[in-house]
Amino acid sequence: MSASPKTVRLTMAQAIVRYLSAQFIEIDGVKTRVCGGGFGIFGHGNVPCLGEALYGVQDILPLYRGQNEQSMGFAAAAYAKYHLRRRFMFCTASAGPGTANLLTAAALAHANRLPMLMLCGDTFITRLPDPVLQQLEHFGNPTLGVNDAFKAVSRYWDRISHPAQIIQSLPAALATMLDPADCGPAFLGLPQDVQGWAYDYPEDFFAERTHRIRRVAPDAGEVAEAAAVLKAAKRPMIIAGGGVQYSGAVAELTAFAETHQIPVVESIAGRANMLATHDLNIGPIGVTGSDSANTIAEQADVILSVGCRMQDFTTGSWTAFAHDAKLVSLNVGRHDAGKHMSLPMVGDAKLGLLTLGAAMHGYTAPENWTASARAERAKWDAYVAENVTPGNRPNSYAQAIGVVNDLCDPRDRIVAAAGGLPAEVTANWRTLDIGTVDVEFGFSCMGYEIAGGWGARIAQSEAEPEQDTIVFTGDGSYLLMNSDIYSSVLTGKKLIILVLDNGGFAVINKLQNNTGNESFNNLIADCPTVPEPFAVDFEAHAAAMGAHAETVANPVELAEAFKRAKAAEKTAVIVMKVDAYDGWTTEGHAWWEVGTPEVSDSAKVRAAHEDWESTRPKQRKGI
């Protein structure tokens, strides 16, 4: 007769924390905790029980106090991205509005396929004290609450209605976050009473476990089909996406391209898959891309997409490729591999490139095709060199990017997000080292910049403490979410933040003008409800949060300020005004589909609509 399993009596909250503390991952032969700690704002929904449990493990699961739950989620996403989805942070919020603030961050993590664990307070499972503080009442469905909103933005969702439930739910959540195909945020609703309920958990549940990321080999039949299509190509091209880095397949991608002499272009998430100086790196593709990449994309007869979800900014709303071009998609996610009638290769990028390369033995792209791609890249490099040169026009994003590019260390990490800066960084940044660029454009989320920089810096300080995290942000995103300047100062996680002030939401003003509309409610000067526009003193504001801050007049002064920021011991903020109209990169853009008015009293709007629609015949028809 077998002995009964040994048990330990813990609250549900204590059991969650003990389980997370025992989970490890092997990365490059080194074992480390898979959970790097967490970000937390306590309230009545999580402080009595989860707070009690976290207090005792703060040395192994450090808890960073956030200023805003949404920015905590952004920081957790950036942390996971730095660690190539092999480590994650948790976020804990109270019941009600604190949890609701995490929704946008969960959507960002979901769109970008990034792991993040949300441990959020919930209403009492007994319902004895209903309605409780911050509870939303749904009169016809008492089970429905704020936490149910996370079902749409989570890869795994559960409400823990009994302490024993986490024996199944926690491993399932962790498996989801570490799965290459299903990776994304996991949400656990923790009712306030159940958090404190005790249960006799089996001790084996808390045994130390080491995880490894699964590598799925593509099907042999799919490999053979893909190889046959590629070997028949006269003008092949590779699109390298973010999945190349998550798979650890940068070396395999480079070797594959070099062996077969196939030009490579990068998606936004795939920036920094290859150095700018590699002669097969033809540049970024798409709406925020380069003339070089977009030119060869229009001519390519076979396109191999590796680890790319083929978002509209990559595909130019599916106008970037010839109608008869064949698509082959190597992706660990079945959903992504089959987009737009692609020939799918479902599997890990590293294994897939190795097996596909073996099946293509002896094939090289025609020399004249690869040479023409290199010539296009040389022309684009000349354009960028001119575009980033100070003094050639009013202050611009591109000039600021050029200054930082010239002065930063190759391993410094660059962070940017929604607005004009993702396009400008994608087009103008010359990659100095692999995996050093984080342009959040999967969800295109304003406010990610500074919070994401903080999360990236926490991760970077674990692996490369001597390097800097450099944040590019506009004035609009700064005003939306800036409190993690204070977080970075408090926690000693130095950032270098460039605030490039163009007087409002200038990139949307540009789109407004490009579609024939008058400037309206985007630039501060064009807001009808603003009687007297005035400029924010970003320098004083950042200084008030403890940062070193200064304002510069031009890129020459910016260069000197950046050197001072590099030498500084704490977060440094540099402010420079840039032109809202004449400062944009004008080349390199593919078509982008936006809704334009078919009928308007404005002749300019009607003309813009006709011009926009004139390019639609180039759009591939697919699924």
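Here are some notes on the model, point by point.

1. Ground rules. This is a predicted model, so to speak of local features pLDDT must be at least 70, side-chain atom pairs count only at pLDDT 80 or more, and totals for chains, interfaces and linings use all residues. Residues are numbered from 1 along each chain as its sequence is written, and side-chain values use heavy atoms, with hydrogens and water left out.

2. Cysteines. How many disulfides does the structure hold? The count is 0, where a disulfide is taken as a pair of cysteine sulfur atoms within 2.5 Å. For Cys35, the closest cysteine sulfur is in Cys91 at 9.9 Å, which is too far for a bond. Cys445 is in no disulfide either, with the sulfur of Cys91 again the nearest, 14 Å away. Cys35 is buried at 0% relative accessible area, and Cys445 is buried at 7%. (Buried means under 20% relative accessible area, exposed over 50%, partly exposed in between, with a 1.4 Å probe and protein chains only.)

3. Salt bridges across the chain. There are 30 salt bridges in the structure, each being a side-chain nitrogen of Lys or Arg within 4 Å of a carboxyl oxygen of Asp or Glu. One of them pairs Glu26 with Arg212, with the closest N and O atoms 3.2 Å apart. Helices (H or I, at least four residues) and strands (E, at least two) are DSSP runs, numbered from the N terminus. Glu26 is partly exposed at 36%, while Arg212 is exposed at 56%.

4. Two further pairs. Asp179 and Arg214 meet in a salt bridge at 2.5 Å, N to O. Asp179 lies in the loop between α6 (166-178) and β9 (185-191) and Arg214 in the loop between β11 and α8, so this pair ties together parts 35 residues apart in sequence. Asp179 is buried at 14%, and Arg214 is partly exposed at 48%. Asp468 bridges to Lys566 at 3.0 Å between the closest N and O atoms. Here Asp468 is in the loop between α18 (448-463) and β20 (469-474), and Lys566 is in helix α23 (residues 555-567), 98 residues apart. Asp468 is buried at 8%, with Lys566 partly exposed at 26%.

5. Asn428. This residue belongs to helix α17 (residues 421-428) and is buried, at 2% relative accessibility. A polar atom of the Asn428 side chain lies 2.9 Å from the backbone oxygen of Glu424. Leaving aside neighbours within four places in sequence, Asn428 is in contact (heavy atoms within 4.5 Å) with several residues, including Val384, Asn387, Ile401 and Thr585.

6. Is Val437 buried or exposed? Val437 is buried, at 9% relative accessibility, and is found in strand β19 (residues 437-439). Not counting residues up to four places away in sequence, Val437 touches Arg271, Ala272, Ile414 and Trp429. Val47, in helix α2 (residues 47-55), is partly exposed at 37%.

Methods
Polar contact = N/O pair within 3.5 Å; in protein donor to acceptor, adjacent residues only side chain to side chain.
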